[in-house]
Amino acid sequence: MAVLGFFSAVRAAPWLWRRAAAGLPGHCPGKGYTVGPAQVRTVQSPPTFGFLLDIDGVLVRGHRVIPAAVEAFRRLVNAQGQLRVPVVFVTNAGNILQRGKAQELSALLGFKVEPDQVILSHSPMKLFSQYHGKRMLVSGQGPLVENTRALGFENVVTVDELRMAFPVLDMVDLQRRPKTTPLPRSDFPAIEGVLLLGEPVRWETSLQLIMDVLLSNGNPGTGLATAPYPHLPVLASNMDLLWMAEARMPRFGHGTFLLCLETIYRKVTGNELRYEGLMGKPSILTYQYAEDLIRQQAERRGWAAPIQKLYAVGDNPMSDVYGANLFHQYLQMVKHDGAEELGADGLWKQRPSATQSCSSILVCTGVYSPKTPGSTEPAQGEEPPFHGHRDFSFSPKLMEASHIVNDVDEAVQLVFHKEGWAS
Ligand SMILES: [Mg+2]
């Protein structure tokens, strides 16, 4: 068993946290709340806990690092520059490459982040190997093809490639309409499924062409008299309705795009759009994936003690808090009913895990802020609007954070305090 060091007392810096008040959404703590020093073990054992850190609104705002994140990593890293506990970065972003995100984080945090510590919203698509050999239409932006290859898909068609093959499909923008009528083509292999990786640039084009593929059973050049149902398999990632960048108000996320697609599909066909897989926070699949990476990280470091507790730090009550609490609920059900029965519901059947709990820690440096327009703070006596996805039921209890702190540095201090570690 590795001994990491000796500590006799916690840092003198005061605690600035408190448990969330009952009900949604609670309040940011404000400065000045303190608790006494924790009981710190004199010999540091290998960690039995790990962190799931959200990125936007927790570590960075746009391209700027949040100063508390740099402080947090000073605590998380030992004198040799290695992490003292397993950490994964779980973001709902998807229009980027894993290694690109790792490089960006390394530069901002002053700590070497490995690509396999980064979980993008679509990372769990690696688990859907039954579709990896199929011809899939992919929607999103950025390095789409490279991303789908990295996930294991071998035969993808982008929305742009589909538009080039069938120019008469994209008719909203007058400037992009074909000037002449192209010859119909029959040499375009049928599409067998749809991947929605992240928000595309031209929503009208993607919405139209995805609908065309679903309504024509993958042959948008021909069309069908009756739309097939169930439609082709759709895998989607990132259901965040809103996200926070540099602007003072939240921005549209991929969840808003999915909402448009679901609404159009229902209006046109009378049926619900169905997802074969819906991933990214708050999906349990994403937390199972994160849990597995944390376990692997601990194994690589030679930490023999199993990881029993996860702490998920985020700024979005609907994705970060709801997701962590949903996963915690799932862990309790697994303990009670066994993983086998739950696996039948489409969740990833993984090997038995040692994880006992997943706590949600909400920070006030991003989407969640009682004073931010468009945030989830309701007016007095009003029900807060439900920003979650259609397939996730509204449950105020699941949006109640285990803890609310000002920033990620306080989150790390809080966890170290609870675990009896010096910070
Ligand atoms: Mg965030």
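This is a predicted model: local features need pLDDT of at least 70, side-chain atom pairs count only at pLDDT 80 or more; totals for chains, interfaces and linings use all residues.
Figure 1. Strand E2 runs parallel to strand E5 (residues 87–90), and three bridges join the two. In this pairing, leucine 52 stands opposite valine 88 of E5. E2 also pairs with E14 in the parallel sense, over five bridges. Here leucine 52 stands opposite alanine 312.

**Figure 2. Burial of strand E2.** Five of the five residues of E2 are buried, so the strand is largely enclosed by the rest of the structure. Both faces are covered. Phe49, Phe51 and Leu53 lie on one side, Gly50 and Leu52 on the other, and all are buried.

Figure 3. Aspartate 54 sits in the loop between strand E2 (49–53) and strand E3 (60–61), and aspartate 315 in the loop between strand E14 (309–314) and helix H8 (317–337). The pair, 261 residues apart, links distant parts of the chain. Aspartate 54 counts as buried because its relative accessibility is 6%, under the 20% cut-off. Aspartate 315 is also buried, with a relative accessible area of 3%.

**Figure 4. The largest nonpolar core.** This core has 55 residues, and Leu52, Leu162 and Leu196 have the most contacts inside it. Domain 1 (49–121 + 281–343 + 356–370 + 390–419) and domain 2 (125–278) both give residues to the core, so it lies between them. Leucine 162 touches residues including Leu137, Phe188, Ile191 and Pro220. A second, separate core of 37 residues includes Phe49, Ile55, Ala69 and Leu83.

Technical notes. Residues are numbered from 1 along each chain as its sequence is written. Side-chain values use heavy atoms; hydrogens and water are left out. Helices (H or I, at least four residues) and strands (E, at least two) are DSSP runs, numbered from the N terminus. Buried means under 20% relative accessible area, exposed over 50%, partly exposed in between (1.4 Å probe, protein chains only). A nonpolar core is a set of buried Ala, Val, Leu, Ile, Met, Phe, Trp, Tyr and Cys residues joined through side-chain atoms within 4.5 Å. Domain bounds come from an automatic or database domain assignment. Contact means heavy atoms within 4.5 Å. Two strands pair if DSSP finds at least two bridges between them. Lists of a residue's contacts leave out its neighbours within four places in sequence.
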